[in-house]
Amino acid sequence: MENDPLRPFVEDPESSGLFFDFDGVLSDIVEKPSDARPAERAREALDALADRFKLVAVVSGRGAGELLTWLGDGIEIWGIHGAQRTFKGEVLLSERAEPYSELMERVRTDAEQRVAELGIEGALVEDKGVMFTIHYRATRDRSEAKSVLETIAEELAAGYGVVASPQKMAIELRPPVEFAKSQVILQRAREATLTAVAFIGDDVVDLPGFDALDTLENEGLTTFKVAVDSDETPPELLRRADLILAGPAAVVTWMETLASSVPLRG
Ligand SMILES: [Mg+2]
């Protein structure tokens with residue numbers, strides 16, 4: 001325990017926070033995003049941590065609604081990179097996202113039409129409220145689908161003045177304001193006056209989450225970066241991690257171990 005980097009968390013859980021990505025971290029990556037489910041015992045492990053630590057949050061690119069269904073309201077849930085959050089079992093659109101909801105609906109309708117006209121089997125548009133994602137993971141020729149769909153996404157972005165951003169096997173279209181996991185981490189860590197913050201991610205979009213931890217470390221906080229390794233995890237995430245876990249099942253075991261080292265509150 002002497003040199004355990006998690007010691008500050010265990011010794012002062014009342015001022016410690018844990019932020020988790022969902023896909024690839026608490027859930028195995030699946031072909032169709034709607035097929036994803038939390039890994040076995042993930043929900044129970046989150047609740048066990050939330051009973052012990054000041055702040056436990058899931059921050060995801062997904063809509064907060066489905067995460068709420070799967071994970072319950074025992075933790076904080078931030079959807080679509082922070083454009084949504086849950087509050088007492090309800091999903092709210094953030095103040096910064098609200099003004100763009102109508103515009104984004106028009107862009108999505110246009111995207112759905114264009115993607116349908118292409119007839120690429122397996123390509124699909126996922127509505128996330130104020131954003132949407134064009135997926136090509138399930139297409140037969142991913143590299144061809146990627147190039148065609150990225151062209152469409154760029155045309156839509158230019159035409160409507162929105163932002164197209166490449167993701168893992170997908171392209172995300174979002175309003176021209178920034179929503180990022182890093183903002184959620186910084187905002188919540190400061191609001192909750194945390195002294196120790198951990199973030200667990202697996203994807204290229206989680207790198208800014210690590211940046212946020214660097215910022216907090218410069219402000220004097222203790223930080224702990226966890227990378228979950230998959231074929232698609234960027235090398236930089238692994239390089240910068242304090243701990244590398246093999247997949248969602250290993251994450252759940254790690255969460256259970258951490259929870260068991262802290263007595264229940266109260
Ligand atoms: Mg992920």
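Predicted model: local features only at pLDDT ≥ 70, side-chain atom pairs only at ≥ 80, totals over all residues.
## Domain arrangement

The domain assignment divides the protein chain into domain 1, made of residues 7-96 + 179-260, and domain 2, residues 98-174. The C-alpha centres of domain 1 and domain 2 are 26 Å apart.

Contact between the domains involves 15 residues of domain 1 and 14 residues of domain 2. On the domain 1 side, the touching residues comprise 7 nonpolar, 3 polar and 5 charged residues.

## Helix H7

Helix H7 covers residues 207-218 and has 12 residues. From first to last C-alpha it reaches 17 Å, close to the 16 Å expected at 1.5 Å a residue.

The buried residues of H7 are Gly-209, Phe-210, Ala-212, Leu-213 and Leu-216. They cover an arc of only 150° around the axis and therefore lie on the same side of H7. These buried residues pack against helix H6 (181-191), strands S10 and S11, and helix H8 (235-240). Exposed residues Asp-214 and Asn-218 are carried on the face turned away from the buried side of H7. Just after H7, Gly-220 adopts a positive phi of about 100°.

## Helix H9

Pro-248, Val-251, Val-252, Met-255, Leu-258 and Ala-259 are the buried residues of H9. Because these fall within an arc of 125° when seen down the axis, they line one face of the helix. Their cover includes helix H2 (42-50) and strands S10 (196-201), S11 (222-228) and S12 (243-245). The face of H9 turned away from its buried side carries the exposed residues Thr-257 and Ser-260.

Notes. Residues numbered from 1 in each chain as written. Buried ≥ 20, exposed ≤ 12 C-beta atoms within 10 Å, placed from the backbone. Helix = DSSP H or I, 4+ residues; strand = E, 2+ residues; numbered from the N terminus. Arc of directions from axis to C-beta. Contact = placed C-beta atoms within 7 Å. Domains from an automatic or database assignment. Nonpolar A, V, L, I, M, F, W, Y, C, P; charged D, E, K, R; others polar. Expected span 1.5 Å × (residues − 1).
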